[in-house]
Amino acid sequence: MESIVNPVLEGNFYTSSKKKSFYKVKLSENYLGLLKTNGSLIKTKIVSLQDIIGCKCARRRKNVSEKCECHPKNNVFSFLENTVDENDISAYLHIYSYVLKDFIITSGQKRERFKITLRFRSFSHYEDNLKEALKWRNTVKELIEKTRWKSTLLRNIESYNETVTEKGDKILIVLNPKSGSGKTKEIFKEQVLPLLAEADLEYDLHITKARNDARNLIKSSNILKWKNGLITIGGDGVLFEIINGIMERPDWKHIINTIPLGIIPGGSGNGLAKSLSFCTNEPYDQNPVLISTLNIIKGHPIPVDLVRLETHSEVVFSFLSFGWGLIADIDIESERLRMIGAPRFTIWSIARLIGLRTYTGRLSFLRVPDNKIKEVISNEKYVGLQIQDMYPVDVENDKNFTSSMDCNSDSSFDMDSISLDTGCNQRQNDITARTESFYSLHSHKSVYHSDKASSSYLSLPEITKNNNKIIYGPSSQLPALNKPVPKSWEVYQGEFVMVHASYQSHLAGDVYFAPGCKPNDGIIWLLIVKAGISRVNLLQVC
Ligand SMILES: Nc1ncnc2c1ncn2[C@@H]1O[C@H](COP(=O)(O)OP(=O)(O)OP(=O)(O)O)[C@@H](O)[C@H]1O
């Protein structure tokens, strides 16, 4: 435990269940360390502050609910019964962390909630105990806030103003109730809200009423009041609307450089959410909503490529993929099976493989040099987060230490919460999240479309008009669509089964499309399937 360098706070706490054991708790700039002493037996658990999302002071109440003493006005708890337990003068500090845990039998990891409760009861008055608890609470809060922004790649993005995000700024959550199989409200209420409450993250909620609702909101609102982030709960389509809404604003550049965007998966595909967690090695598949919400709360933005697309009728900004042929057909036509969720893609893939179509077209592209591809595949700088940033070295090598990365190795800490106090254990109840009123909405059609017609449009300038909409955003650096491409480009003309271009590794949670792709590598990864391929070969590609 001495190995935790320069602890900011430290103290001894006890558990009542095991009278002889006590815990030395140390808080340093990057870690919370718990040293358990039971006679001569010493065990240690270290929780990285990167894994702590928040903490709250609470006083014991007579019933199950708790009142937050840190923000009495900010009621994130239920108040079924508000009577304080006068017999208990202790103040409690609940610290919420989500630590990586290894599976014992199969290889793999998942994130698990690990709640630490510290009970302060050294003084004879509640107020004095609360003071002590608040000192710990404020210090933990300050430290986790620092850790968040220190460890992002934002330092490397010159245009990003790190100071824009201040405490108290809200995030905007845009929820599409029609995404996927229509469970986003439940996802929000049951899985996202409790985490936001633990992290003390304030939010406004907007539930979309129709297609383009999110786009119009972003286009016309004072979105700078949501400096902490514009977050979507739904599929990739609702984030697509947010980004294109931003591009309809003259201040698009400032917004893009100022407000982080986030996505919590609730759609059918969820390609971006999967790709982002994949590039940071987060165990997404175990709990996609938890991992994506933690990514947002922890404030580790990842720069992502944005691609400007011109079709025959419009200009759009795309962050995931663009396709023509087989995959686009599956996306659009499986809409009628939306109610079954993600399996709709598998079922429709089989249908489309049986009735395989081909399309005539011309494809021109500039090949990326092999050395650049190799660099992208091997270079961490494209990943967004540096592992050494996530776990900075302020713990000296000490074999007694169990880091939060391998907490499973110490079975005495193998629990989802730990409660420490100065005398006896008391059962603490989890916070009850604030609930929102929801309203029901009408059904919608997907925005996906297959572009069968070849374009005859010129490459459009910086400010373009789509059906009376003014689109801002960066101008194209590509040759005009009706002009010949430079000699260095390759051109294929003929029959295709599909051409699909992706700028992220995954098109959907289970569609690993571009293995080498990193979110901000600046490369468009192409899959070209020409006509004449056998169904067996095509199945292997898929
Ligand atoms: N309230 C609504 N009613 C109808 N349609 C909506 C509503 N809100 C948004 N939409 C539209 O629904 C489209 C699809 O939604 P979204 O992408 O969130 O879900 P998904 O298609 O199931 O997921 P994915 O894109 O990951 O496959 C969006 O492009 C949006 O235009």
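Analyst: Gladly, and please keep in mind that this is a predicted model.

User: What angle do helix 2 and helix 7 pack at, and how far apart are their axes?

Analyst: Helix 2, which covers residues 184-199, packs with helix 7 at an angle of about 30 degrees, and the two axes are 10 Å apart.

User: Which residues make the contact between helix 2 and helix 7?

Analyst: From helix 2 the contact uses Ile187, Gln191, Val192, Leu195 and Ala199, while helix 7 brings Val289, Leu290, Thr293 and Ile297. Sorted by class, the contact of helix 2 with helix 7 has seven nonpolar residues and two polar ones, with no charged residues.

User: OK, how many residues of helix 7 are buried?

Analyst: Helix 7 is mostly covered, as 11 of its 11 residues are buried. The buried residues include Pro288 and Val289, and also Asn295 and Lys298.

User: What about helix 6, how many of its residues are buried?

Analyst: Helix 6, residues 271-279, is mostly covered as well, with nine of its nine residues buried. Among them are Gly271, Lys274, Phe278 and Cys279.

User: And what covers the buried residues of helix 6?

Analyst: The cover includes helix 4, helix 7 (288-298), strand 12 (261-265) and strand 21 (506-508). Helix 6 is followed by Asn281, where phi is positive, near 60 degrees.

User: You mentioned helix 4, so how does it pack with helix 3?

Analyst: Helix 3 (residues 213-220) and helix 4 (residues 236-246) have axes 8 Å apart and pack at an angle of about 30 degrees. Angles under 35 degrees count as roughly parallel, which makes helix 3 roughly parallel to helix 4. Their crossing is right-handed.

User: Which residues meet there, and what classes do they belong to?

Analyst: On the helix 3 side the contact is made by Ala214, Arg215, Asn216, Leu217, Ile218 and Lys219, and on the helix 4 side by Val238, Glu241, Ile242, Asn244, Gly245 and Ile246. By class, this contact of helix 3 with helix 4 has six nonpolar, three polar and three charged residues.

User: Switching to strands, in which sense do strand 13 and strand 14 pair?

Analyst: Strand 13 (residues 307-310) and strand 14 (residues 315-318) pair in the antiparallel sense, over four bridges. Leu309 has Val316 of strand 14 as its bridge partner, and a hairpin of four residues joins strand 13 to strand 14.

User: I also clicked on Lys141, so where does it sit, and why is it partly exposed?

Analyst: Lys141 lies in helix 1, residues 126-150. Lys141 is partly exposed because 17 other C-beta atoms lie within 10 Å. From Lys141 to Phe513 is 372 residues in sequence and 39 Å in space, C-alpha to C-alpha.

User: Finally, how many helices and strands does the whole protein have, and what share of its residues is buried?

Analyst: The protein has 12 helices and 23 strands, and buried residues make up 37% of its 542 residues. Among contacts between residues at least 6 apart in sequence, 72% join residues at least 24 apart.

How values were computed: Residues are numbered from 1 along each chain as its sequence is written. This is a predicted model: local features need pLDDT of at least 70, side-chain atom pairs count only at pLDDT 80 or more; totals for chains, interfaces and linings use all residues. Axes are lines fitted to C-alpha atoms, for helices over the stretch in contact, and angles run from 0 to 180 degrees between N-to-C directions. Helices (H or I, at least four residues) and strands (E, at least two) are DSSP runs, numbered from the N terminus. Angles under 35 degrees count as roughly parallel, over 145 as roughly antiparallel, 65 to 115 as roughly perpendicular and the rest as oblique. A crossing is left-handed if the near helix is turned anticlockwise from the far one by less than a right angle, and right-handed if clockwise. Two residues are in contact if their C-beta atoms, placed from the backbone, lie within 7 Å. Ala, Val, Leu, Ile, Met, Phe, Trp, Tyr, Cys and Pro count as nonpolar, Asp, Glu, Lys and Arg as charged, and the others, Gly among them, as polar. A residue is buried if 20 or more other C-beta atoms lie within 10 Å of its own, exposed if 12 or fewer, and partly exposed in between; C-beta atoms are placed from the backbone. Two strands pair if DSSP finds at least two bridges between them.
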